[in-house]
Amino acid sequence: MLGPFLAVLQRDLTLAWRGRADVLVTLAFFVIVVCLFPFGVGAETNQLRAIAPGVLWVAALLSTLLSLHRLFAQDHADGTLEQLLLSPEPTALWVLAKVLAHWIVTGLPLVIAAPGLALLFDVEQGALGVLVLSLALGSPILALLGAVGAALTLGLRSGGVLLALLVLPLFVPVLIFGAGAVDSHLGGTGATAHLLLLGGGLLGAIAMTPFACAAALRIAME
Amino acid sequence: MMNGTETETEDGTKRSRSLLRFAAPQVFYPIAGRLAPWFAWLAAGLCVAGLWIGFFVAPTDFQQGEVYRVIFIHVPAAWMSMFIYLIMAFWAAVGLVMNTRLSFMMAQALAPTGAMFCFVSLWTGALWGRPTWGTYWVWDARLTSQLLLLFLYLGFIALTQAIEDSRRSDRAGAIIALVGAVNVPIIYFSVQWWNTLHQGASVSLTRAPSMASTMLVGMLLMALAAWAYTFAVSFWRVRSLILERERHTEWVAAELDEQEARA
């Protein structure tokens with residue numbers, strides 16, 4: 001079981017490493033979007049502090065969305081996806097490996113960069129840990145849900161915009177609990193409930209979305 | 001609409017043994033055509049009765065005055081928009097499991113009506129909110145989840161329209177409908193919790209518990225009208241879908257010739 005999983009994971013990570021520039025674009029997008037907000041809403045410190053969790057989360061969500069189309073597009077173009085679907089290995093398994101690789105490449109850098117950016121918004125240092133934890137639990141859910149959308153829109157002309165329309169409503173609960181975790185920590189009620197819900201959501205997403213994604217890929221490749 | 005038990009033994013083919021008989025587009029097309037006008041008239045009648053009771057018979061609300069009468073459109077539309085999504089997801093699931101093309105067509109025929117009701121409920125809600133709450137929009141849990149439901153409908157419609165191959169668009173639409181259906185309760189509860197965390201129940205949509213019975217009758221009539229309207233419109237829409245999908249078959253050619261001869 002673990003063999004094909006690790007093989008696909010290693011392959012995708014190697015490919016991503018060879019094309020490092022692509023990965024950096026997602027991170028740069030995240031940083032720039034976050035930095036745009038003070039220009040839009042004004043640089044008043046209290047206000048920035050209040051909107052920081054939401055801004056960081058929305059930016060993370062948008063950069064995830066931006067990178068989603070790459071999840072299967074390359075493999076679709078060069079025929080790898082077809083070969084993988086023909087292989088006897090369970091589809092959900094290697095789909096999960098691909099999503100994990102995708103998250104390591106695009107999601108993990110955001111999680112690591114987030115605390116630094118939070119300091120630009122003068123977020124209390126004690127909340128940085130909660131922010132990192134909420135992103136670490138939440139952004140894989142975004143990648144998993146997004147993978148279903150990416151598989152459904154694979155190879156369509158209006159794929160990018162359509163993908164956004166499909167997955168953004170589904171992202172809302174993750175956004176609520178992710179940004180809510182930091183907010184409630186700052187508000188003094190503690191972030192445990194939010195983080196537990198995010199963790200539960202992550203487990204649920206790992207259990208269910210690979211199968212939906214596998215079904216969507218089969219439909220797309222028929 | 002499907003009571004197929006008595007037709008069990010009529011013809012010998014394997015498919016006719018059950019309700020699946022009606023899953024054949026060729027069989028369903030004339031049935032839908034016959035039923036749709038009835039439902040349309042029923043909808044018109046119920047709508048007139050419901051609106052008459054709503055606008056002329058039901059008493060004026062002592063708190064909100066006449067403005068509350070928007071409820072007779074607002075609430076049935078909101079009910080219907082949520083219910084249609086469930087039916088859509090149901091037909092999508094049936095289509096994926098039983099591999100019946102008609103189920104997918106039915107799901108696609110229902111989606112625009114669902115989106116329409118969703119929009120109507122949001123629009124009338126905004127018009128109702130302005131005089132009573134002093135604002136067109138609040139980020140109340142119900143309003144927000146209704147807005148997200150509209151986005152789910154639009155996503156479904158956009159996806160099924162974007163894929164040209166009908167087999168793929170059917171299945172892809174079915175998957176997104178099911179993913180959406182799993183998410184609808186999660187969205188609803190998360191939004192509810194988010195709202196109560198932030199501002200408490202500043203605006204409550206629940207009305208005074210005692211409701212004049214005429215109001216209830218008016219609302220139920222309008223809800224039934226919405227049902228009948230949905231049946232009529234989705235039957236008409238599914239007929240067009242059937243004709244489009246089956247345009248290469250002989251029976252469609254014969255049917256079109258007949259329609260042309262009549263016209």
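In the largest nonpolar core, which residues touch the most other members?

Modeller: Happy to! This is a predicted model, so local features need pLDDT of at least 70 and side-chain atom pairs pLDDT 80 or more, while totals for chains, interfaces and linings use all residues. Residues are numbered from 1 along each chain as its sequence is written, chains are lettered from A and ligands numbered from 1 in the order written, and side-chain values use heavy atoms, leaving out hydrogens and water.

Now to your core (buried Ala, Val, Leu, Ile, Met, Phe, Trp, Tyr and Cys joined through side-chain atoms within 4.5 Å). The largest one has 131 residues, and the members that touch the most others are Phe30(A), Phe72(A), Leu159(B) and Val238(B). As you can see, that list names residues from chain A as well as from chain B.

Let's zoom in on Phe72(A). Setting aside residues up to four places away in sequence, Phe72(A) is in contact (heavy atoms within 4.5 Å) with Leu81(A), Lys98(A), Ala147(A), Ala150(A), Ala151(A), Leu154(A), Cys213(A) and Leu217(A).

You'll find Ser234(B) in helix H6 of chain B, residues 213–245 (a DSSP run of H or I, at least four residues, numbered from the N terminus). Neighbours within four places in sequence aside, the contacts of Ser234(B) are Met106(B), Ala109(B) and Leu110(B).

Together the two chains bury about 2,300 Å² (the accessible area, 1.4 Å probe, lost on being put together, summed over both). Carbon and sulfur atoms account for 78% of that area. On the chain B side, Arg168(B), Ile175(B) and Trp193(B) lose the most area to chain A, and those residues together make up 26% of what that side buries.

Terms used
Buried < 20%, exposed > 50% of the residue type's maximum accessible area, 1.4 Å probe, protein only. Helix = DSSP H or I, 4+ residues; strand = E, 2+ residues; numbered from the N terminus.
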